[in-house]
Amino acid sequence: MEIRNITTFIKIVEYNNFTKAAESLGYSQAAVTAQIKSLEAELGLPLFDRIGRSIALTEEGKTFLPYALDILHAEEAARDSVRPAEKLVGSLHICSPSSFATGPLPDILRKFHELHPQVDVTVKISDYLEDNLLKLTRAEIDFLVILDEPNAYPGFRLFAERPEPIIFVTHPSNPLCKKRAPKVTDLIGNDFIMCDRGIGYSAILEKKILSRGLTVTPSMDIGSVESIIKILLGGFGISFIPEYTVAGHLEQGELVQIRSKDVDIEFQSGLLCNSSRYINPIMKEFIRIAECRP
């Protein structure tokens, strides 16, 4: 079983297209077709259903896929065990929500560039989850940074996951700071500033609140966490935002967290990846650096 043919098989699955796979590998489409036919003949079964211009994995192809990925990973590990360390050269494409892009991501990118300056990194900032997932499915990006509830994406692989507190935060002068156990209705009232209502963690919060028969009545709906923080620092409002965006202000006492027993939502961040994607050395290294984040 030739590694080249298995690599071609993985690329076709990544792009869901013979032509794009051929372009990425530098082969002609005829060569790619011949390699797949050779692999199918060796296995004695079809790996793809070809319907017009569309393709889809057969049930046998779906069964073979994880083994194909294991073979490529084993082949790479075998090479790494006997060859000297090489400089990483290539490209990496990432999509991130805006809050993470202004929080932990810059430090991760800086560290990665210091170690691997010859890798070209492209980062797209977007909070539109459906579009971002589509790009991930089409292999237009290598990783999608997510900030969501645990186990929210069972059809994808998740790397470098970690708990990510989303908290209610306000200015120390807010009278609610003196309450021992404020109710969630106190927090989402007239002074509540929502970050991108209907998107991400704000949508999850609102869904939880609506499930209790309550309504959210924010005074402002702002799509920029940085703008919200400036308003909070000015002495107005309460907001529900990632802890990492205000960590410095909390340490300095410029802002404070308000805890409510009425709201208990777990969030996590991580690097989401297409489940059929081969994790190349550049991607592995980015995962490693993301996992070392303090």
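Partly exposed, as used here, means a relative accessible area between the buried limit of under 20% and the exposed limit of over 50%. At 36% relative accessibility, Lys208 therefore counts as partly exposed. The model is predicted.

**Salt bridges**

The structure holds 14 salt bridges. Side chains of opposite charge can pair when their charged atoms come close.

| Pair | Closest N and O atoms |
|---|---|
| Glu59 and Lys62 | 3.5 Å |
| Glu76 and Lys284 | 3.2 Å |

**Lys208 and Glu149**

Lys208 sits in helix α9 (residues 200–210), while Glu149 lies in the loop between β5 (143–148) and β6 (156–163). They are 59 residues apart, so the pair links distant parts of the chain. Glu149 is partly exposed, at 27% relative accessible area.

**Two pairs involving helix α4**

Glu76 bridges to Lys284. Here 208 residues separate the partners: Glu76 belongs to helix α4, Lys284 to helix α12 (residues 281–291). Glu76 is buried, with a relative accessible area of 5%. Lys284 is partly exposed, at 34%.

Glu59 pairs with Lys62. Both lie in helix α4 (residues 59–82). Because they are three residues apart there, about one helical turn separates them. Glu59 is exposed, with a relative accessible area of 55%. Lys62 counts as partly exposed at 47%.

**A network**

Salt bridges also link Lys11, Glu14, Asp142 and Arg277 in a network.

Notes. Residues are numbered from 1 along each chain as its sequence is written. This is a predicted model: local features need pLDDT of at least 70, side-chain atom pairs count only at pLDDT 80 or more; totals for chains, interfaces and linings use all residues. Side-chain values use heavy atoms; hydrogens and water are left out. A salt bridge is a side-chain nitrogen of Lys or Arg within 4 Å of a carboxyl oxygen of Asp or Glu. Helices (H or I, at least four residues) and strands (E, at least two) are DSSP runs, numbered from the N terminus. Buried means under 20% relative accessible area, exposed over 50%, partly exposed in between (1.4 Å probe, protein chains only).
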